[in-house]
Amino acid sequence: MVQSSSKLHKVALERLKERGVSLEEIAELVYDLQKPYIADISMEICIENVRSVIKKREVQNTILTGIELDVLCEQGKLSSPLQEIIQEDEGLYGIDEILALSIVNVYGSIGFTNYGFLDKTKPKLISKLDDHQNKDQTHTFLDDIVGAIAAAAASRLAHDDPGISDIMK
Ligand SMILES: [Ca+2]
């Protein structure tokens, strides 16, 4: 049976909240990304774009899948060696980034640039999630998902802005 879009949407929002991610914090990343290009940018517009991104089924599926793996890992329920790989956020794993790209894909090429930038610089919420101090928490998938949502929302915003140069589209 195909799950209804409204149910997936509701659960995806709940899961993000349970994992300590607020839409406002994602919107902050979008704001910082687009501030240099859009003079009249506001937090409201950024939140609105984050909300629109999360309305996409591909994005909901990615949120549910990635968070589930993080949670199962926290509970020690994955098989070895996947359990250790995800727990330690092993650098050569890469599937967390690949999964997150399914979000970035939805909005085209500018999303990739933004995603790469966030992955490299790890600002604000992303560094908070990527912090490995608390050994009881696993955010191996969540940090990339958050970066991808922000990147997608930023590119959505850029596409929508008629004042932006063609090269940014
Ligand atoms: Ca990761």
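**Starting at the core**

Which residues have the most contacts inside the largest nonpolar core? They are Ile26, Val30, Val146, Ile149, Ala150 and Ala153, and the core has 44 residues. A nonpolar core here is a set of buried Ala, Val, Leu, Ile, Met, Phe, Trp, Tyr and Cys residues joined through C-beta atoms within 7 Å. A residue is buried if 20 or more other C-beta atoms lie within 10 Å of its own, exposed if 12 or fewer, and partly exposed in between, with C-beta atoms placed from the backbone.

Before going further, bear in mind that this is a predicted model: local features need pLDDT of at least 70, side-chain atom pairs count only at pLDDT 80 or more, and totals for chains, interfaces and linings use all residues. Residues are numbered from 1 along each chain as its sequence is written.

**The whole protein**

Now step back. The protein has nine helices and zero strands, so the pattern along the sequence reads α-α-α-α-α-α-α-α-α, where helices (H or I, at least four residues) and strands (E, at least two) are DSSP runs numbered from the N terminus. Its radius of gyration is 16 Å, close to the 15 Å that the globule rule gives for 169 residues, so it is as compact as a globular protein of that length. That radius is taken over C-alpha atoms, and the rule is 2.2 Å times the number of residues to the power 0.38.

The C-alpha atoms fill a box of roughly 50 × 40 × 25 Å along the principal axes. Of the 169 residues, 36% count as buried. Among contacts with a separation of 6 or more, 77% are between residues 24 or more positions apart; two residues are in contact if their C-beta atoms, placed from the backbone, lie within 7 Å.

The largest share, twelve residues, comes from H9. For a close-up, take Ala150: leaving out residues up to four places away in sequence, it touches Ile26, Leu29, Val30, Leu33 and Leu118.

**A look at helix H3**

Helix H3 covers residues 43-54, and its buried residues are Cys46, Asn49, Val50, Val53 and Ile54. They cover an arc of only 140° around the axis, which puts them on the same side of H3; the arc is that of the directions from the helix axis to the C-beta atoms. An α-helix has 3.6 residues a turn, so residues three or four places apart point the same way. What covers the buried residues of H3 includes helices H1 (5-18), H2 (23-34), H4 (57-74) and H9 (142-160).

Most residues other than glycine have a negative phi, and most peptide bonds are trans. The bond from Ser80 to Pro81 is cis, though, with omega near 10°, and Pro81 sits in the loop between H4 and H5 (82-87).

Asp89, in the loop between H5 and H6, has a positive phi of about 50°. Lys124, which lies in helix H8, has a phi near 40°. Asp89 is partly exposed, with 16 other C-beta atoms within 10 Å.

**What the record says**

An unreviewed UniProt entry annotates residues 40-159 as "domain: YutG/PgpA"; such annotations may be inferred rather than shown by experiment, feature names are shortened, and positions are given in the numbering used here. This span is 70% helix and 0% strand, and its end C-alpha atoms lie 15 Å apart.

Terms used
The expected span of a helix is 1.5 Å times one less than its number of residues.
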